[in-house]
Amino acid sequence: GYINPDRDTIWQSYDYEHMRVYFTLWDLQKPVIAQIQGYCLAGGTDLMLACDLAVAADDAYFGYVDVRFGSGVVSMFLPWVVGVRTAKELVFTGADRIPAAEALRIGLVNRVVPRDELEDATMALADEIAKNEPFVVRSMKASINRVWEIAGLRAALDANTEIDVMIETANLPARDEFRRITQEEGLKAAIAWRDARYRSGG
C-alpha cells in the first residue's frame with residue numbers, strides 16, 4: 001500500500017519532471033542522436049530511448065536494474081522501441097548487463113562502433129542526416145513520431161508514470177533494505193547485496 005500522500009507528491013514531481021525532459025527531446029524538430037559509452041542503465045537507458053537515434057561504443061552496457069531493488073521504470077519508451085516481448089524480458093528480469101552488440105541486435109541502438117571511433121561515428125551520422133533537406137527531415141521525424149502517438153504512446157507513458165508513483169510509494173521490504181544498506185554502507189555495498197541475491201541464485 002501507499003506510505004503517505006506527501007511521498008506520493010514527491011515521486012509524482014520526480015517522475016513528471018523526467019518525462020518533461022524526455023518529451024522535450026521527443027518534440028524537438030531536429031533529430032536527436034544519443035552517443036553512449038560505458039554503463040547506460042535505468043534513467044540513462046530511458047534518456048537514450050527518448051532520442052531519435054543512438055550510436056553506442058562497443059564497451060556500452062544497457063538495462064533496467066530497477067526491479068531488482070523494488071523500483072519501477074520512470075518512462076516506458078522501451079516496448080515502443082524493441083517490442084513488447086523483449087521489453088517484458090528486460091524489465092521483468094532487471095537485466096543490467098546488456099552489451100552493445102546485443103543492444104544492436106534487439107534494436108535498442110542503431111550502430112555500434114569501437115570506443116575510440118564513437119565521436120567521429122556519431123558526427124558522421126549527423127553529417128549524413130544534415131545533407132538532406134531540413135524541412136523534409138523535420139517533417140519525417142514528426143510523421144514517424146505521430147504514428148506512435150496515434151497508437152497511444154503519450155497516454156501509455158502517462159499511465160506508466162502513475163504506475164511508477166504507485167510502485168515507488170509502496171511498502172517494499174527489499175527496496176527499504178537496499179536503501180538502508182546504501183545509507184549505512186554505501187552504494188557499492190548495496191549493489192553487492194542486490195547482486196548476491198540475483199547473480200548467485202540467492
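# Pockets, ring pairs and charge pairs

The largest pocket has a volume of about 390 Å³. This is a predicted model, in which local features need pLDDT of at least 70, side-chain atom pairs count only at pLDDT 80 or more, and totals for chains, interfaces and linings use all residues. Residues are numbered from 1 along each chain as its sequence is written, and side-chain values use heavy atoms, with hydrogens and water left out.

**The largest pocket**

- A pocket is found on a 1 Å grid over the protein atoms alone: it is an open set of points where a 1.4 Å probe fits, with protein on both sides within 12 Å along at least five of seven lines.
- Lining residues have an atom within 4 Å of a point.
- A volume is the space filled by probe spheres set on the points, which are joined across faces, edges and corners.
- The lining of the largest pocket has 20 residues, and Cys51, Asp52, Leu53, Ile144 and Trp148 lie nearest the centre.
- Helix H2 (43–50), strand S3 (53–57) and helix H7 (134–150) each give at least two residues to this lining.
- Helices (H or I, at least four residues) and strands (E, at least two) are DSSP runs, numbered from the N terminus.
- H7 supplies the largest share, 6 residues.
- By class, the lining of the largest pocket has 15 nonpolar, 3 polar and 2 charged residues.
- Here Ala, Val, Leu, Ile, Met, Phe, Trp, Tyr, Cys and Pro count as nonpolar, Asp, Glu, Lys and Arg as charged, and the others, Gly among them, as polar.

**The second largest pocket**

- The second largest pocket has a volume of about 300 Å³.
- Its lining has 15 residues, of which Val73, Met76, Val91, Phe92 and Asn160 lie nearest the centre.
- Helix H4 (84–93) and helix H8 (153–168) are the elements that give two or more residues to this lining.
- H4 provides the largest share, 5 residues.
- The lining of the second largest pocket divides into 10 nonpolar, 3 polar and 2 charged residues.

**Aromatic pairs**

- The structure holds 6 aromatic pairs.
- Rings of Phe, Tyr and Trp (its six-membered ring) pair if their centres lie within 6.5 Å; planes under 30 degrees apart count as stacked, over 60 as edge-to-face and the rest as tilted.
- Trp26 and Trp148 are stacked, because their ring centres are 5.7 Å apart and their planes are at 5 degrees.
- Trp26 sits in helix H1 (residues 5–27) and Trp148 in helix H7, so this pair ties together parts that are 122 residues apart in sequence.
- Trp26 is buried, at 4% relative accessible area, while Trp148 is partly exposed, at 25%.
- Buried means under 20% relative accessible area, exposed over 50%, and partly exposed in between (1.4 Å probe, protein chains only).
- Ring pairs link Tyr22, Phe23, Trp26, Phe77, Trp80 and Trp148 into a cluster.

**Salt bridges**

- Side chains of opposite charge can pair when their charged atoms come close.
- A salt bridge is a side-chain nitrogen of Lys or Arg within 4 Å of a carboxyl oxygen of Asp or Glu.
- The count by this rule is 10 salt bridges.
- Asp52 pairs with Lys141, with the closest N and O atoms 2.8 Å apart.
- Asp52 lies in the loop between H2 and S3 and Lys141 in helix H7, so the pair ties together parts that are 89 residues apart in sequence.
- Asp52 is partly exposed, at 25% relative accessible area, whereas Lys141 is buried, at 8%.
- Arg180 forms a salt bridge with Glu177, the closest N and O atoms being 2.7 Å apart.
- These two residues are 3 residues apart in helix H9 (residues 173–185), so about one helical turn separates Arg180 and Glu177.
- Salt bridges that share partners join Asp27, Arg146, Glu149 and Arg154 into one network.
- Within it, Glu149 and Arg154 meet in a salt bridge at 3.2 Å, N to O.

**Cysteines**

- A disulfide is a covalent bond between the sulfur atoms of two cysteines.
- The cut-off used here is a pair of cysteine sulfur atoms within 2.5 Å, and the count comes to 0 disulfides.
- Cys40 is in no disulfide, since the nearest cysteine sulfur, that of Cys51, is 9.3 Å away, too far for a bond.
- Cys40 is buried at 8% relative accessibility, and Cys51 is buried at 14%.
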